[in-house]
Amino acid sequence: MENINDPVWVVAEQTGGDLRTISLQLVGKARQLADQLGTPLEVVLLGKNSNLNSDLLIASGADTVFTGDFAELAFYQPDLYTEMIVSLAKNRKPGIMLMGSTDIGRELAPLVAARLQTGLTAHCIDLVIAGNKILEQKIPAYGGLITITCPQKRPQMATVAKGVFQKPELDRNRTGTTISLDLPDDLPERIRTIEIIREEPEGIPLESASIVVAGGVGACDAEGWHKISALAKTLKAALGATRPAVDAGWTELESMIGQSGKMVSPDLYIGAGLSGEQQHMVGITNAKIMVAVNNDAGSPVFEQVDYGVVDDCREFIPVLIDKIKQYQKGA
Ligand SMILES: Cc1cc2nc3c(=O)[nH]c(=O)nc-3n(C[C@H](O)[C@H](O)[C@H](O)COP(=O)(O)OP(=O)(O)OC[C@H]3O[C@@H](n4cnc5c(N)ncnc54)[C@H](O)[C@@H]3O)c2cc1C
């Protein structure tokens, strides 16, 4: 089924004119997939001034970059983006199409997949080319990692979680082609974005943090949560959470780590009052050193971490904060 010319595609995104990190991570991974398949890597980037990001995409591994540099695309427009991507895909016939599991990607990918009548795997944490050249799309589910393939339809489409792949090394000597797309004659008018108001995230972003302190429902209440949050501040760490901690209203959904949340790769992860359920732990598989604080010595979390502290986190954390502050003063 695979044609040697079927390109691998990445639909990239930019925010305020800057390429998003997830897009560069995807280009790095897609380059590897394209090399394995012996096919070109094509990137589609829609948005005002998208032409300006073309060189960076080529230096990151793209062979061809399709840009849509129009005032009409200053904001993400679901129908217009779908129309432009679908019509280009019908022409270029990509074998694989990847998007970031971002607010935009999570909406755009199903719109495009439906129009192209193909399958879509959401929130993948790994992508592998199998011996038969089919894309294996790995997602955490049913308490493990499952593999999904799309053997019949093309393109094989996936959204990919942030932070699971590395940004590629830039090669400024790479050459590639930039092609400016045209706007369709009839602009879809069903939905039009007229403004995007971004909420500024508080604290250190989880995805890029070198230390992550995460709390679970074992924090017990808002006061207990405040102690976990204070530890994060003391260590200049990003604050993460399990789903029940988010559901309890102690923190925002943006803090959730795991299968339906964020992937993190800190040098140090401290998990307090959480049980080590797979749906949470899948988000920290890239952490270098892991520490857990749990009042139950038999908790499964202790089998998964490098260091364990058996204690009530509400008692232990204030003592730890004092010790760290003393150390920081002395340092
Ligand atoms: C489809 C699906 C997707 C999901 N996605 C996610 C996800 O992305 N992220 C996520 O986190 N969860 C996710 N979940 C939920 C997940 O299955 C678990 O329910 C959740 O991770 C457990 O959170 P927890 O460890 O805080 O709570 P629990 O499992 O209840 O563990 C609480 C722990 O705290 C300990 N404890 C209690 N009191 C104290 C104390 N005072 N001091 C110290 N320790 C204490 C207990 O011994 C216990 O081990 C998902 C579930 C489903 C079905």
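## Overall build

Helices (H or I, at least four residues) and strands (E, at least two) are DSSP runs, numbered from the N terminus. Counted that way, the protein has eight helices and 17 strands. Its radius of gyration, taken over C-alpha atoms, is 22 Å, close to the 20 Å from the globule rule (2.2 Å times the number of residues to the power 0.38) for 331 residues, so the protein is as compact as a globular protein of that length.

This is a predicted model, where local features need pLDDT of at least 70 and side-chain atom pairs count only at pLDDT 80 or more, while totals for chains, interfaces and linings use all residues. Residue numbers start from 1 along each chain as its sequence is written.

## Extent and burial

The C-alpha trace spans about 65 × 45 × 40 Å along its principal axes. As for burial, 43% of the 331 residues count as buried, meaning 20 or more other C-beta atoms (placed from the backbone) lie within 10 Å of the residue's own.

## The α3/α4 pair

Who touches whom? On α3 it's P78, Y81, T82, I85, V86 and A89, and on α4 it's E107, L108, L111, V112, R115 and L116, with contact meaning C-beta atoms, placed from the backbone, within 7 Å.

Terms used:
Two residues are in contact if their C-beta atoms, placed from the backbone, lie within 7 Å. A residue is buried if 20 or more other C-beta atoms lie within 10 Å of its own, exposed if 12 or fewer, and partly exposed in between; C-beta atoms are placed from the backbone.
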